[in-house]
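Please consult the sequence and the structure alongside the text.

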Amino acid sequence: MCLAVPGKVLSTTDGILRTGRVAFGGIVKEVCLAYVPEAEVGDYVIVHVGFAISRMDEAEAARTLAYLTEMGELAEIAGEEP
Amino acid sequence: MKYVDEYRDADAARRYAEAIRKIVTRPWSLMEVCGGQTHTIVRFGIDELLPPEVTLIHGPGCPVCVTPVEIIDQSLAIASRPEVIFCSFGDMLRVPGTERDLLSVKANGGDVRIVYSPMDALAIAEKSPDREVVFFAVGFETTAPANAMAACQARLRGVSNFSLLVSHVLVPPAIEAILSSPACCVNGFLAAGHVCTIMGVEEYRPLAARYRVPIVVTGFEPIDLLQGIAMCLRQLEEGRAEVENQYGRVVRAAGNAPAQAMIREVFEVVVREWRGIGSIPASGLALRPAFAAHDASRKFGLTEIGARESPECASGLVLQGLLKPLQCPAFRTRCTPDSPLGATMVSPEGACAAYYKYRRLEAS
Ligand code: SF4
């Protein structure tokens, strides 16, 4: 039940609570955006039980994927030490 | 799908396992706190990719599994009332109470409905003014802002037939309970990324410092977990005990401020009973007195029901990482997901259910 998944914001609507249509692969759901006021159309948000709880940070995402390279280099340097 | 597929890359996973093998020189035990992470680990066989020195211990991080029997029994009593529409997340329906579960209440004519969001339950209440709509508000910090919003909106809109049966739990006090136990054998923690998405990382720093354990905030995909494990092991090998954030694409150091504000407005911190573990001080959330009109346990005035746990179930030990599901004598024999003895066999995030689903062959 703690599942939270990334989806792309397709549109937003300002009402009592700000909501948006968010696409998860092929499925589109109405999601409450009250906790991510900064999220705009085109952004990826993490959604849990109908609420977006975070906006995805693209630069950090790229850094996460680069970590292995960084680690590999460090492991090699460590391995070369006498 | 973007932000999913690239974190499931099998090649990268193998290279991580290789890199981890290079940095490990001694035996280490790491605990992943969150049941969602346990599920990924067992499903993708991440524990089997790791060198033999590294042991993963599955923690208590599944709200379905730790909701006390007393509250399950309360939910059954409320759901059995003819005027009630009882709304719940799907995985609570099979959790065994003392004698039965929500599914059997439903089979006997109770109006029990599965909802995706607490806001769906609120919408049902607005559409059914002649019924009492009760939402089973369980969860960790991740779910608290959603449930708080439902309570807040119910009060604002005057939806007097909507109430919540609250059994919220908090992660840091549970980590502290594990660390302060004399039986504790955990060297480092992978903290639950989505809990920290809400609360941020600061509350883990005193724990890391006091108990000298590294705590790495970690995501939920295979690459996230391998990376979190690698970061944790690196700290251990280098003799560091810091809080690091592997899941930076989602978790900000300060967490989500509007969500925290909503939690504070609606909930107060209370002592909470954890199923199988016992009572932990300041480890739960309950509705503030201002929301008493929407508090199902007050509304339906239920007190002691005399709840009982199956004497055979060892889930308390499983939840504390002291026993693996395969070591429980009832596992796969008298206890299966279709007829669970304990809550850890019910939720897909429960350790027993994850082992049942993905570890059939090697079970002895
Ligand atoms: S296998 Fe079943 S009986 Fe054994 S600890 Fe897990 S839930 Fe309890």
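Helices α7(B) and α8(B) are roughly parallel to each other, a term that applies to angles under 35 degrees. This is a predicted model, in which local features need pLDDT of at least 70 and side-chain atom pairs count only at pLDDT 80 or more, whereas totals for chains, interfaces and linings use all residues. Residues are numbered from 1 along each chain as its sequence is written, chains are lettered from A and ligands numbered from 1 in the order in which they are written, and side-chain values use heavy atoms, with hydrogens and water left out.

**Packing of α7(B) with α8(B)**

- Helix α7 (residues 118-127) of chain B packs against α8(B) at an angle of about 25°, with the axes 8 Å apart; axes are lines fitted to C-alpha atoms over the stretch in contact, and angles run from 0 to 180 degrees between N-to-C directions.
- Helices are DSSP runs (H or I, at least four residues) numbered from the N terminus.
- The crossing of α7(B) and α8(B) is right-handed, that is, the near helix is turned clockwise from the far one by less than a right angle.
- On α7(B) the contact (heavy atoms within 4.5 Å) involves P118(B), M119(B), L122(B) and E126(B); on α8(B), the residues include M149(B), A150(B) and R157(B).
- By class, this contact of α7(B) with α8(B) has 7 nonpolar, 2 polar and 2 charged residues; Ala, Val, Leu, Ile, Met, Phe, Trp, Tyr, Cys and Pro count as nonpolar, Asp, Glu, Lys and Arg as charged, and the others, Gly among them, as polar.

**Packing of α8(B) with α13(B)**

- The axes of α8 (residues 144-157) of chain B and α13 (residues 257-266) of chain B come within 9 Å and cross at roughly 55°.
- That angle makes α8(B) oblique to α13(B).
- Their crossing is left-handed.
- Among the contact residues are A148(B), C152(B) and R155(B) of α8(B), and M262(B), I263(B) and E265(B) of α13(B).
- The contact of α8(B) with α13(B) has 10 nonpolar, no polar and 2 charged residues.

**Packing of α1(B) with α12(B)**

- Helix α1 (residues 10-23) of chain B and helix α12 (residues 222-238) of chain B pack at about 10°, their axes 10 Å apart.
- That makes α1(B) roughly parallel to α12(B).
- The contact of α1(B) with α12(B) has 10 nonpolar, 1 polar and 2 charged residues.

**Interface of chain B and chain A**

- Chain B contributes 49 residues to the contact and chain A contributes 36 residues.
- The two chains bury about 3,800 Å² between them, 68% of it on carbon and sulfur atoms; buried area is the accessible area (1.4 Å probe) that two parts lose on being put together, summed over both.
- Y3(B), Y116(B) and R234(B) supply 18% of the area that chain B buries against chain A, more than any other three residues.

**Salt bridges**

- The structure holds 22 salt bridges over all chains, each being a side-chain nitrogen of Lys or Arg within 4 Å of a carboxyl oxygen of Asp or Glu.
- Across the interface of chain B and chain A, 1 salt bridge is found.
- K2(B) and E58(A) meet in a salt bridge through their side chains (3.6 Å, N to O).
- In chain A, E60(A) forms a salt bridge with R63(A), with the closest N and O atoms 3.5 Å apart.
- E60(A) and R63(A) are separated by about one helical turn because they lie 3 residues apart in helix α1 (residues 58-80) of chain A.

Terms used. Helices (H or I, at least four residues) and strands (E, at least two) are DSSP runs, numbered from the N terminus. Angles under 35 degrees count as roughly parallel, over 145 as roughly antiparallel, 65 to 115 as roughly perpendicular and the rest as oblique.
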